[in-house]
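Me: I would like to learn how to read some local features of a protein model. Could you take me through them one at a time?

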Amino acid sequence: MSTDLLNWLDDCQALVKFAQPVAQTGKLVRVAGLVMEAVGLKLPVGSVCTVVQKGTPDLEAEVVGFSGERLFLMPSTDVHGMTPGARVIPQEPPAQAPKLGQKAHPWRRPEDKTKHLPVGDSLLGRVVDSNGKPLDNLGELKFEKRCPLAARPINPLEREPIHEPLDVGVKAINALLTVGRGQRIGLMAGSGVGKSVLLGMMARYTKADRVVVGLIGERGREVKEFIEQILGEEGLKRSVVIAAPADVSPLLRMQGAAYTQVVAEHFRDQGHNVLMIMDSLTRYAMAQREIALAIGEPPATKGYPPSVFAKLPALVERAGNGRPGGGSITAFYTVLTEGDDQQDPIADAARAILDGHIVLSRSLAESGHYPAIDIEQSISRAMHNIVSAQHLNAARHLKASFSKVQRNRDLITVGAYAAGADPQLDHALALYPQIEKLLQQSMLESAHFEEAIDGLKALFPDDFNGSTKH
C-alpha cells in the first residue's frame with residue numbers, strides 16, 4: 001500500500017473522531033416549583049441543557065439529580081410559558097476538528113464537559129453576573145481564556161503552609177486577630193452591624209495583588225452601593241465583582257459562588273496574592289437548600305438538608321495557599337447569624353471548617369463602636385504561627401483587660417465598684433480609653449500593620465523586649 005494512501009487513511013481516521021453523531025434529545029414531562037423533569041436522556045449531574053420550545057426563548061438548565069429514567073433540571077431563569085413535550089438538548093463544549101495533515105487533538109477530559117466561564121486580567125475593574133456577562137454597561141469582555149467551574153482541589157500536602165501575616169488595613173484585626181496570607185476567615189454578623197463597611201475597608205486597604213468579590217444572594221440595591229460607596233473607584237480598579245443578587249435563581253446564586261472561586265484560583269495559579277471576599281456564605285447555603293428540597297432531599301438540621309453541609313467545605317477548601325512558590329487566596333466569607341444567634345447551623349458549620357472567625361457585636365454597633373468587632377468571641381487560628389511571641393502576649397493581655405472591664409461594666413456604671421478593690425480591674429480601667437482607641441477606626445482610615453503593633457507596644461511595653469518568633 002502506498003505512502004500517500006496510508007496518510008490519507010490516517011487523516012480520515014482522525015476526522016471520523018470529530019464526526020457529529022445524531023443529536024440526542026429528551027422531552028420535558030413535568031415542571032413542579034423550581035424543578036423540571038425530563039426523560040429520554042442519560043446525562044451526568046452537572047451537565048448543562050437547553051430547553052427549546054416554539055414561541056418562547058430558549059431556557060438553560062442544569063442537571064441537579066435523577067431518579068430512574070428521569071432527570072431533574074434546575075432552570076437558570078423563569079419557566080413561564082413552558083409546556084409538556086418541550087425538547088431538552090444537551091450542551092457540549094465544541095471540539096475543534098484537525099485539518100488534513102494535522103495531528104488529532106486528544107479527547108476532552110470529563111471535567112471539561114462542565115460550563116466554562118471567562119477569567120483573567122480583562123475582568124479587572126468590571127462587574128459581571130454568574131455567567132460572566134457584564135453588568136456595568138462598559139462593553140463586552142475581551143478575554144483570552146475560559147476555565148471550567150468544576151475543578152479538583154490541591155492536594156493538602158502540596159500546599160504551602162501559612163507563615164506570613166497579611167496587612168488588611170484594620171487595626172483591630174492586625175493587632176488582635178492577625179490574618180495570614182492564604183487563611184480563610186468567617187465574618188459572623190447579623191443584619192445592620194457594619195459587615196459590608198468592614199468588607200469594603202479590607203477590599204480597599206488589604207495588601208493584595210488582586211481582589212475578587214462575590215456578592216451572592218444580597219439585595220440588588222446593595223450591589224450598586226457596595227461598588228460605588230464602599231468599594232470605591234480605587235478599590236474597583238484592582239477588583240473583579242461577581243454579582244448574583246437575591247432575585248436570580250438558586251442555581252445562578254450557587255454558580256456565582258463557584259465562579260468567584262474560579263476567578264480567584266486563576267489569579268492564584270498565575271502567582272498573584274489574591275484577596276477573595278464572598279458575601280455571603282449563608283446565601284450560598286440557602287440556595288443549595290432550595291435546590292435540595294426541590295428535588296426531594298429530606299431536611300435535617302433546622303431545615304437544611306445534608307448536602308448543604310457537604311457543599312460548604314467543598315467550596316471553602318478550594319481557597320488558601322497554592323503550591324510552594326506560587327500565589328495564594330486569602331478568603332473572607334460573611335456568615336449571617338439569624339437573630340444574632342451564634343449557634344445557627346451554618347455559622348456553627350462555618351466555624352468548624354474555617355481558619356478563624358470574626359464576630360461583629362450588635363451592642364458595640366449600637367454604642368457607636370466601629371468596626372464592631374467582638375474580640376472576646378473572635379479568633380484567628382493561624383495567628384500563633386505568624387506573629388512574634390511578644391505580639392501574641394500583648395494581644396492576650398489586651399483581650400484580658402478588655403474582658404475584665406466588660407464583665408464589670410454594670411458595677412462600674414451604677415457606681416458600685418470602689419477603686420482599689422481589684423488591682424487588675426483598676427489597671428484595665430486605666431488602659432481602657434487607649435484600648436478603645438486602638439479598636440476603633442473610621443471607614444475612610446487605613447491603618448498599616450506596623451501602626452497596630454505600635455499601638456500594642458504603647459499599651460504593653462513590657463511584652464516587647466525582643467523580636468523572637470513564637
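This is a predicted model: local features need pLDDT of at least 70, side-chain atom pairs count only at pLDDT 80 or more; totals for chains, interfaces and linings use all residues.

Me: Let us begin with helix packing: which quantities describe two packed helices?

Reply: Two packed helices are described by the angle between their axes and by the distance between those axes. In this structure, helix α5, covering residues 250-269, packs with helix α6, covering residues 281-294, at an angle of about 140 degrees and with the axes 8 Å apart.

Me: Are α5 and α6 then antiparallel or oblique to each other, and what is the handedness of the crossing in which α5 passes α6?

Reply: Angles over 145 degrees would count as roughly antiparallel, whereas the angle here is about 140 degrees, and α5 and α6 are therefore oblique to each other. The crossing in which α5 passes α6 is left-handed.

Me: Turning to the backbone, where are cis peptide bonds found in this model?

Reply: As a general point, most peptide bonds are trans. Here, a cis bond joins D279 and S280, with omega about 10 degrees, and S280 belongs to the loop between β15 (273-279) and α6. Another cis bond joins Y370 and P371, with omega about -10 degrees, and P371 is placed in the loop between α9 (362-366) and β19 (379-380).

Me: Do N137 and K302 count as buried or exposed?

Reply: The cut-off for exposed is over 50% relative accessible area. N137 counts as exposed because its relative accessibility is 76%, and K302 counts as exposed because its value is 59%.

Me: Finally, which residues form a nonpolar patch on the surface, and how accessible is L5?

Reply: The nonpolar surface patch is formed by L5, L6, W8 and L9, which together have about 370 Å² of accessible area. L5 is part of helix α1, residues 3-16. With a relative accessibility of 36%, L5 counts as partly exposed, because that class lies between the limits of 20% for buried and 50% for exposed.

Technical notes. Residues are numbered from 1 along each chain as its sequence is written. Side-chain values use heavy atoms; hydrogens and water are left out. Patches are made of residues with over 30% relative accessible area and no salt bridge: like charges are joined within 9 Å, nonpolar side chains (Val, Leu, Ile, Met, Phe, Trp, Tyr) within 5 Å. Accessible areas come from the Shrake-Rupley method with a 1.4 Å probe; for residues, only the protein chains shown count as cover. A salt bridge is a side-chain nitrogen of Lys or Arg within 4 Å of a carboxyl oxygen of Asp or Glu. Helices (H or I, at least four residues) and strands (E, at least two) are DSSP runs, numbered from the N terminus. Buried means under 20% relative accessible area, exposed over 50%, partly exposed in between (1.4 Å probe, protein chains only). Axes are lines fitted to C-alpha atoms, for helices over the stretch in contact, and angles run from 0 to 180 degrees between N-to-C directions. Angles under 35 degrees count as roughly parallel, over 145 as roughly antiparallel, 65 to 115 as roughly perpendicular and the rest as oblique. A crossing is left-handed if the near helix is turned anticlockwise from the far one by less than a right angle, and right-handed if clockwise.
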